[in-house]
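Open the model in your viewer and keep the selection panel at hand.

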Amino acid sequence: MKIEIQDQYIASFKEFLTRKGLRVTNQRMAIFSAAFTCDDHFTAEELLDKSRNLDDSVSRATVYRALPLLTESNLIREVDVGKDYKYYAANKDVKTFQAQVICMDCEKIFEIDAPFMEWYGKTVSEKLLLSVEDQRLQVSARCDQLRSKGECNKVFTK
């Protein structure tokens, strides 16, 4: 299975690991490749399956230890939608703040640009003499098409 990832992302992850004093292992690179080539949000368990397709020596423990490294590197972001587990998504060419719209019918997560949120967070924080560390905007919604037609074939493109 051949995976195409831009060299800059691979180099960035390897450089991050080196700065942290961690080895660049085949398992870490398989997990990174599996995570970074996902077109949609994924869970740790889905990442485990995809990683094992690239390197069958990847263990569940290795995936769970790698996820904090991936998020700390800012190449992967964690998306908390209030479940017992987290979702993750690759930070591919994201230039503005992303808001999540979660379909309560199918649980699909749609991400849309919300550049006003960066301004809002900065403005409110500065008034309180604080610095923004993290912020999120999530909207839970139901599918009108599913309700009216009994099916939903919604495909979202950024």
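Start by colouring the charged side chains. This predicted model carries 24 positive and 25 negative side chains. The centres of the two sets lie 1 Å apart.

Now show the surface. The accessible area is about 10,500 Å², and carbon and sulfur atoms account for 49% of it.

Switch to cartoon. You will find six helices and five strands. Follow them along the sequence, and the pattern reads α-α-α-α-β-β-β-β-α-β-α.

Next, go inside. Of the 158 residues, 35% are buried. Which residues touch the most other members of the largest nonpolar core? Select Phe-13, Phe-32, Leu-47, Leu-70 and Ile-76. The core has 26 residues. Then select the elements that give it two or more residues: α1 (7-19), α2 (26-36), α3 (44-54), α4 (60-72) and β2 (87-90). The most comes from α2, with seven residues.

Another core lies apart from the largest one. Select Val-79, Val-81, Tyr-87 and Ile-109, which are among its five residues.

Finally, draw the contacts across the whole chain. Among those with a separation of 6 or more, 48% join residues 24 or more positions apart.

Notes:
Residues numbered from 1 in each chain as written. Predicted model: local features only at pLDDT ≥ 70, side-chain atom pairs only at ≥ 80, totals over all residues. Heavy atoms only, no water. Core = buried A, V, L, I, M, F, W, Y, C linked by side-chain atoms within 4.5 Å. Buried < 20%, exposed > 50% of the residue type's maximum accessible area, 1.4 Å probe, protein only. Helix = DSSP H or I, 4+ residues; strand = E, 2+ residues; numbered from the N terminus. Contact = heavy atoms within 4.5 Å. Areas by Shrake-Rupley, 256 points an atom, 1.4 Å probe, with all protein chains shown as cover. Lys, Arg positive; Asp, Glu negative; His and termini not counted. Charge placed at Lys NZ, Arg CZ, Asp CG, Glu CD.
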